[in-house]
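Here is a brief report on one protein model. Look through the sequence and the structure first, then read on by topic.

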Amino acid sequence: MFFTRSPISRIRSYAVVLTKNLYRFFPFLVLGSVLFFAGIFSTADSQTKVGKPTPSLKKKKEEPAVPDYKKVAEGLREPTDIQFLPGSTTRMLVLEKRGRIVEVDLSGESSGIAKIVRADFTGQVETRSEEGLLGLAFSPDFGKDSRFYVHVVVKENGKDYSKILEFEWKQDVPVRLEDAKRTLLKLEQPYSNHNGGQIVFGPDRKLYIGFGDGGGRDDPFRNGQNPGTFLGKLLRIEPNSKSSGVPYRIPSDNPFVDRPGFSPEIWAYGLRNPWRFSFDSRTGELYLADVGQDRYEEIDLIRKGENYGWNVKEGFHCFQNHSDCKNSGIIDPVHEYTHEEGQSITGGFVYRGKKLPILVGSYLFADFVSGKIWSLRLESGKKVSHRLLFRVPFQISTFGQDGAGELYFADFGGGNIFQIIKKN
């Protein structure tokens with residue numbers, strides 16, 4: 001994921017911000033640095049910033065970039081996920097790494113100020129490295145059953161576990177961990193990084209769960225290619241709608257239901273650390289951002305039953321001269337970028353809002369370290385365009401999408417939430 005990076009990576013990130021400020025006063029002195037970081041930075045105030053696209057030598061004519069973004073909420077602590085109550089454009093839920101779910105009111109004069117703590121697991125969640133409160137999903141029948149699900153990492157008997165827990169929404173008091181109606185899944189984590197974290201109900205009303213390879217370097221236990229573990233996998237299950245009985249069922253059309261050696265919950269495998277995946281609300285296509293190791297960050301278009309290569313490949317490339325890297329069964333990403341552009345990818349959404357027509361159908365994603373936000377457009381599963389939209393001087397930990405398809409992103413260190421908007 002992105003919460004911990006080497007000192008060298010952090011120095012790179014800080015150098016970008018320093019170069020930006022120096023350039024305003026000593027342009028010739030830092031011209032080489034500007035070219036090195038390959039960004040065009042803009043002067044902006046603390047509330048709204050204006051970004052310009054990086055010029056392309058190959059294309060004479062480019063689509064206009066997203067011109068602006070604005071702060072809509074502040075005062076949060078290390079946000080890891082942004083969700084909205086189903087269908088809402090004003091009731092935003094922000095997950096904090098240390099265990100709170102905070103509802104932020106985006107309507108009226110109190111916009112971004114009025115906050116209600118809906119869940120508080122503080123002190124009950126393991127928060128080392130990349131652990132914490134990592135994901136939230138509302139039941140497809142939330143209006144009737146009031147159920148929601150969270151992905152948290154907890155410590156039990158000296159070991160770390162990822163848990164997918166079911167809760168009932170309460171209007172009057174914050175829920176605590178002991179209020180969980182049941183545990184859907186429990187998975188031991190061998191290390192404190194590469195936990196994944198995303199949970200999403202797809203258009204098929206099934207729950208998709210992303211787990212990293214378990215952490216460490218190089219996938220030491222080869223979990224990505226091990227069909228018998230949930231680590232390094234995207235799972236697909238159907239939570240039991242009844243209050244009694246098994247916590248979930250395995251959909252009969254899962255790809256490995258009858259395949260010996262494979263856990264039947266697996267939908268796709270060969271993942272390193274999926275940090276945010278989402279369905280295109282119009283096409284149903286599933287985009288997944290997989291954090292790389294030392295060289296490449298990637299975006300995968302997830303298909304049923306496919307192998308996305310880790311730790312045989314990193315991006316399009318053979319990883320450490322692995323003997324199986326020519327395996328024709330491995331699916332390449334639809335896009336990658338090198339660590340000269342960024343060091344830790346943050347997945348976003350395909351834009352389906354109305355305020356920015358130029359972006360409709362484009363997948364927006366970011367890099368946690370470099371602060372860059374890009375758009376990617378696919379046709380028939382193939383990349384047709386990719387461009388830098390703008391750059392921010394902070395760590396982008398997650399995106400969010402409201403009921404109207406408008407997009408938001410979080411500043412992990414500053415605790416601010418921003419909306420992507422059209423310039424006035």
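Phe-277 has Leu-288 of β17 as its bridge partner. The model is predicted. Four bridges hold β16 and β17 together, in the antiparallel sense.

These two strands belong to an open sheet of four strands. Its order is β16-β17-β18-β21, and the pairing is antiparallel. Strands β16 (274–279) and β21 (335–338) are the edges, and each pairs on one side only. From one strand to the next, the twist averages 15°.

## The sheet from β3 to β6

Another open sheet also has four strands. Here the order reads β3-β4-β5-β6, with antiparallel pairing. At its edges stand β3 and β6 (115–120). Each has a single partner strand, so one side of each is left without a neighbour in the sheet. On average, neighbouring strands of this sheet are turned by 25° against each other, direction ignored.

Five bridges link strand β5 (residues 100–105) to β6, again in the antiparallel sense. Ile-101 stands opposite Ala-119 in β6. In a regular strand, side chains alternate between the two faces of the sheet.

## A buried strand

Is strand β7 enclosed or open to the outside? Six of the six residues of β7 (residues 133–138) are buried, so the strand is largely enclosed by the rest of the structure.

Strand β7 is joined to strand β8 (residues 147–156) by five bridges, and the two run antiparallel. Across this pairing, Leu-136 stands opposite Val-150 in β8.

## The largest pocket

How much space lies in the largest pocket? The volume is about 780 Å³. Its lining consists of 31 residues. Gln-83, Val-200, Phe-201, Phe-349 and Gln-401 lie nearest the centre of the pocket.

Several strands give two or more residues to this lining: β3 (79–84), β7, β11 (199–201), β16 and β26 (396–401). By class, the lining has 15 nonpolar, twelve polar and four charged residues.

A probe the size of a water molecule, rolled over the atoms, shows where empty space is left. In this model the count comes to three cavities of 30 Å³ or more.

Which residues line the second largest cavity? They are Arg-272, Asp-290, Val-291, Gly-292, Tyr-296, Glu-298, Trp-310, Lys-313, Glu-314 and Gly-315. Strands β18 and β19 (313–314) are the elements that give two or more residues to this lining. The lining residues divide into three nonpolar, two polar and five charged.

## Buried residues in loops

Gln-293 sits in the loop between β17 (286–290) and β18 (296–302). Is Gln-293 buried or exposed? Its relative accessibility is 5%, so Gln-293 counts as buried. The side chain of Gln-293 makes a polar contact with the side chain of Asp-218, at 2.6 Å.

Asn-223 lies in the loop between β12 (207–210) and β13 (233–239). With 7% relative accessibility, Asn-223 counts as buried. In sequence, Asn-223 and Leu-271 are 48 residues apart. In space they are 8.9 Å apart, C-alpha to C-alpha.

## Backbone exceptions

Most residues other than glycine have a negative phi, and most peptide bonds are trans. A cis peptide bond joins Trp-310 and Asn-311, with omega about 5°. Asn-311 is in the loop between β18 and β19. Trp-310 is also one of the residues lining the second largest cavity.

His-194 has a positive phi, near 60°, and is not a glycine. Its place is in the loop between β10 (182–189) and β11. At 3% relative accessibility, His-194 counts as buried.

Ser-380, likewise no glycine, has a positive phi of about 55°. This residue lies in the loop between β24 (372–379) and β25 (382–391). Is Ser-380 buried or exposed? At 77% relative accessibility, Ser-380 counts as exposed.

Methods:
Residues numbered from 1 in each chain as written. Predicted model: local features only at pLDDT ≥ 70, side-chain atom pairs only at ≥ 80, totals over all residues. Heavy atoms only, no water. Buried < 20%, exposed > 50% of the residue type's maximum accessible area, 1.4 Å probe, protein only. Pairing = 2+ DSSP bridges. Polar contact = N/O pair within 3.5 Å; in protein donor to acceptor, adjacent residues only side chain to side chain. 1 Å grid on protein atoms, 1.4 Å probe; cavity = no way out; pocket = protein on both sides within 12 Å on 5 of 7 lines; lining within 4 Å. Points joined across faces, edges and corners; volume = space filled by probe spheres on them. Nonpolar A, V, L, I, M, F, W, Y, C, P; charged D, E, K, R; others polar. Axes fitted to C-alpha atoms, helices over the stretch in contact; angles between N-to-C directions.
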